Amino acid sequence: MKEEEKETMRNIFKGLKERIEPLTKSPKIQALQKRVIDIRKDAIDNNEELIAISQESFKENDIDCFIAHDDEEARGILLDLINEEIIASNLNEDEIYIAKSKSNTLREIDASQFLEKNGMKIIETDLGDRILQLKKVDNAPVHPTGPASHLNVHDITKIVNESMNLDLPEVPREIMEAVRANVLSLLDKSVIGISGSNSIAAEDGAFLTVHNEGNISLVQNKKLHIVVAGIDKLVPSLEDSVSIAKLETAFAIGKPLPSYINIVAGPSKTADIEKKLLKNMYGAEKVAVILLDNGRSEAIKECLWCIGCGNCVVNCPVYNVMGNEFGYHSYLGGRGVAMSKYLKDNETSVDSGLYMCTLCGMCTENCPVLTPTYEIIEDLRNSTQKDGLSKNQHKKIRDNIKDKGSPY
Ligand code: SF4
């Protein structure tokens, strides 16, 4: 990230903190926080059972459910499902448009790059993600819910004008309208939508998504809707999912509710003509969910409590200096570093900034589910030392202490 981008990000984070703090200190949100901590802990403790329950519930709701053990398997299932739809809808293979909403799990499996390599065109529908997509280079997100929080209106106008061959002034509304018109025209060509999920209600066989733009509704209403979500997103009931959505929103944007909470519990259907079941009235004719493990079942449980609000990175002193260099892929900051060990390996966690962390604990203090990230980081340092993956400077200090009884 460029220094100016980090400066913009810090300013935006400062404004966010001012909005988030008062709400999260309110008795109502603190009571909700206590409930959600219990929900997340129990759900992760009983993850295997919830996977089995959800498979049954999805089946009952006519949702196809797949388990992917790793990212490669998830990509394979995704491609198979899309190819089946291409054949079923008799689509021109040179003109496959995939409507996509913001999802860390889709980023985790590199879904966009993979589908593009297979000749498909990805339409990012979230405005921040679309701006990053148009930027083309150095376009990694900086916040889980505000991916373009490091770009100011000047940068964004330049990106949009250059990529769409326009001459818009630096006026946010005009930029938004131009991108919206462009995305909507492309969405007309698409019959396939892919999304993530903020939370999955195992007993109800339903998944829940949170958004402000209304874009996820457009993605979910395509003829085929595929959801890719980590197994850690499972909770027992829909009531649990809604509680998580409310808490996540409070800690992500400082509002008690987002504009939309969508719950999908099956394909679109009607029985209004002689009670005959007809699918695909307005929404998806087919819904499929891919539950992704990719190291989660081996991860320490505390690492999976996360509800994805991003408040840890907003409050992290290291992230505010280093930007998204501190973290792994779509998982930013210290918690991302911790997850990288399970998604990849110890070496990746070192490369993602394992030794950048100051162990100050600001992440835990500002985390709605009190994820003990700095403690996990300390344990990981221990384990990487055992693997001989320490930094050269640290090795030198250690050897000096051993040999001379002093670090120098
Ligand atoms: S670790 Fe906590 S603060 Fe960070 S994204 Fe997850 S829930 Fe939010």
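This is a predicted model: local features need pLDDT of at least 70, side-chain atom pairs count only at pLDDT 80 or more; totals for chains, interfaces and linings use all residues.
Trainee: Okay, lysine 275 then. What makes it count as buried or exposed?
Mentor: Count its C-beta neighbours. A residue is buried if 20 or more other C-beta atoms lie within 10 Å of its own, exposed if 12 or fewer, and partly exposed in between, with C-beta atoms placed from the backbone. Lysine 275 has 6 inside 10 Å, so it counts as exposed. You'll find lysine 275 in the loop between strand S10 (269-270) and strand S11 (278-279). Helices (H or I, at least four residues) and strands (E, at least two) are DSSP runs, numbered from the N terminus.

Trainee: And why is leucine 370 called partly exposed?
Mentor: Leucine 370 has 16 other C-beta atoms within 10 Å, so it is partly exposed. It sits in the loop between helix H16 (362-365) and helix H17 (373-386). Leucine 370 also has a positive phi of about 55°, although it is not a glycine.

Trainee: On to helix H3. How do you know that its length agrees with its number of residues?
Mentor: The expected span is 1.5 Å times one less than the number of residues. For the 14 residues of H3 (residues 47-60) that should be 20 Å, and the end C-alpha atoms are 20 Å apart, which agrees.

Trainee: Which residues of H3 are buried, and how do you know which side they are on?
Mentor: Leu50, Ser54 and Phe58 are the buried ones. They cover an arc of only 65° around the axis, so they're on the same side of H3. That arc is the one made by the directions from the helix axis to the C-beta atoms. The face turned away from the buried side carries the exposed Glu48, Ala52, Lys59 and Glu60. The buried residues pack against several elements, including helix H2 (27-45) and strand S1 (63-68).

Trainee: What makes a set of residues a nonpolar core?
Mentor: They must be buried Ala, Val, Leu, Ile, Met, Phe, Trp, Tyr and Cys residues joined through C-beta atoms within 7 Å. The largest one here has 90 residues, and Ile98, Val228, Val289, Ile290 and Leu292 have the most contacts inside it. Helix H11 (residues 238-253) gives the largest share, eight residues.

Trainee: Where do the domain bounds come from, and what are they?
Mentor: They come from an automatic or database domain assignment, which gives domain 1 (3-297) and domain 2 (310-404). Their C-alpha centres lie 27 Å apart.

Trainee: How many residues of the two domains are in contact?
Mentor: Two residues are in contact if their C-beta atoms, placed from the backbone, lie within 7 Å. By that rule, 27 residues of domain 1 are in contact with 17 residues of domain 2. On the side of domain 1 that touches domain 2, the largest share, seven residues, comes from H1.

Terms used. Residues are numbered from 1 along each chain as its sequence is written.
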